[in-house]
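Morning, everyone. Let me put the model up, and then we'll go through two spots.

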Amino acid sequence: MTQVHTAANDAAEDTVTLIDNRTGKTFTYPVLNGTVGPSVIDIRNLYRDTGMFTYDPGYTSTGSCDSRITYIDGDQGILLHRGYTITDLAEKSDFMEVCYLLLHGELPNVAEKNKFVRTISRHTMVHEKLRGFYDGFRNDAHPMAILCGVTGALAAFYHDSTDIRDPQQRLIASHRLIAKMPTISAMAYKFSKGEPFVYPRNDLSYAENFLHMLFAVPAEPYHVNPAMAKAMDRLFILHADHEQNASTSTVRIAGSSHANPFACIAAGIASLWGPAHGGANEAVLKMLEQIGSPDRIPEFIARAKDPADPFRLMGFGHRVYKNYDPRAAVMSKSCHEVLDIVGVTNEPLLKIAQELERIALEDEYFVDRKLFPNVDFYSGITLRAMGFPTSMFTVLFALARTVGWIAQWKEMIEDPVQKIGRPRQLYSGATQRVYVPLDER
Ligand code: ACO
């Protein structure tokens, strides 16, 4: 049995003392205080001192790094990027500015912003040979499978930005990833439709260019609806970064071995694909379709509450937010705006979604467990109204999150205390035993 005591010592350094009740020995560890949010116990010497590891499946109580990028207060429903609220950024900023902020720590001035936008625009094309990769896929390939493979393949094309020790190469790789992700994503979509790829246009904004590459066809002119571009840009902002979530931690762990940035981002994409993470927006739509009509909602609510049934209400709950996800509030508003723009006032899935939200917010099971709608709950409906097929939802998330991943990756590489990520374990398997030859088993 081990007890924990917290104390502020004379040197004004907070400490925590562990008492090993088996031996009576005490071990004291510093408490590190951030600018805001819970403090952390610095247990880097724990194993050396005690011969023990910590046990924390899912890292629910583990701080894996010291970061200055994003802060979340899940109980209050607060999300800050470099100190700015997500609501302010979504309403007053644009995605290029948020990218600059995440990468460089400050909002850009006019000259810095223009230069950044120009740099990103000039990196949007991909090597012509990369087009050949798409032909290797079946037409029914999931675009996330394509995105994962093609992003990893970028390392084979851009050798001059894979030396992670060179700050200039790190920056170029960051720009390339942010710039090329819309092109690669749009190509994945066009490939699945059997339509020709559309080249990027540097005269368009980031969101406009993406919509153009997705929905333009050579046979007729395509004009990007500015309101749609604005909604797309806002969706990118809402997904730009989210602290040390599963995919970001994957990127950091992959990068901790000094793997090249393209490989690290491909690893992040793979992690994001899961329905418990970025795949949830796709899963929400599938769930709403499965429910089919509002009168079947009670049946699905009952299933979500049944511990024997693995079914969960997709788009509800979050590891960190135990209050309304601030992104969900913006996304919900944006969702209604998009439905107005496209003239969908009677979207049946939206009706099911709204009724589901109403019931879940009142139901004791969801209230007690603090299971609020998350950003994915509304993003799925918004994207569907914008004309995206369900299979593209997580691709859009990955595209927007690329800047967050790359900012976190850069921060990790530039952190002097960075080490290769190597968690330990509680081993409960067989102890050493004698090998029995096949014919004797
Ligand atoms: N529907 C029904 N019950 C749920 C749900 C849900 N969506 N989410 C959690 N619960 C229940 C659990 O069964 C558990 O109940 P219990 O205490 O009776 O055992 C309790 O709430 C706590 O759940 P945990 O699984 O411990 O919560 P955790 O933090 O590990 O999981 C997660 C968070 C994975 C997001 C979970 O809520 C979930 O699966 N949600 C649905 C998928 C989803 O929307 N993911 C998107 C996340 S946001 C993002 O990636 C952008």
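Is serine 93 buried or exposed? Serine 93 is buried, at a relative accessible area of 7%. Buried means under 20%, exposed over 50%, partly exposed in between, with a 1.4 Å probe and protein chains only.

Quick caveats. This is a predicted model: local features need pLDDT of at least 70, side-chain atom pairs count only at pLDDT 80 or more, and totals for chains, interfaces and linings use all residues. Residues are numbered from 1 along each chain as its sequence is written, and side-chain values use heavy atoms, with hydrogens and water left out.

Back to serine 93. It sits in the loop between α2 (86–92) and α3 (95–104). Helices here are DSSP runs of H or I, at least four residues, numbered from the N terminus. The side chains of serine 93 and glutamate 97 make a polar contact of 2.7 Å. That term covers N or O pairs within 3.5 Å; within protein, one atom must be able to donate a hydrogen and the other to accept it, and residues adjacent in sequence count only if both atoms are side-chain atoms. Leaving out residues up to four places away in sequence, serine 93 touches Asp88, Val98, Lys230 and Ile237. Contact means heavy atoms within 4.5 Å.

Now the ligand. A side-chain N or O atom of histidine 277 is 3.0 Å from a ligand oxygen. For tyrosine 365, a side-chain N or O atom is 3.0 Å from a ligand nitrogen. Phenylalanine 316 uses a backbone N or O atom, 2.9 Å from a ligand nitrogen.

Technical notes
Helices (H or I, at least four residues) and strands (E, at least two) are DSSP runs, numbered from the N terminus.
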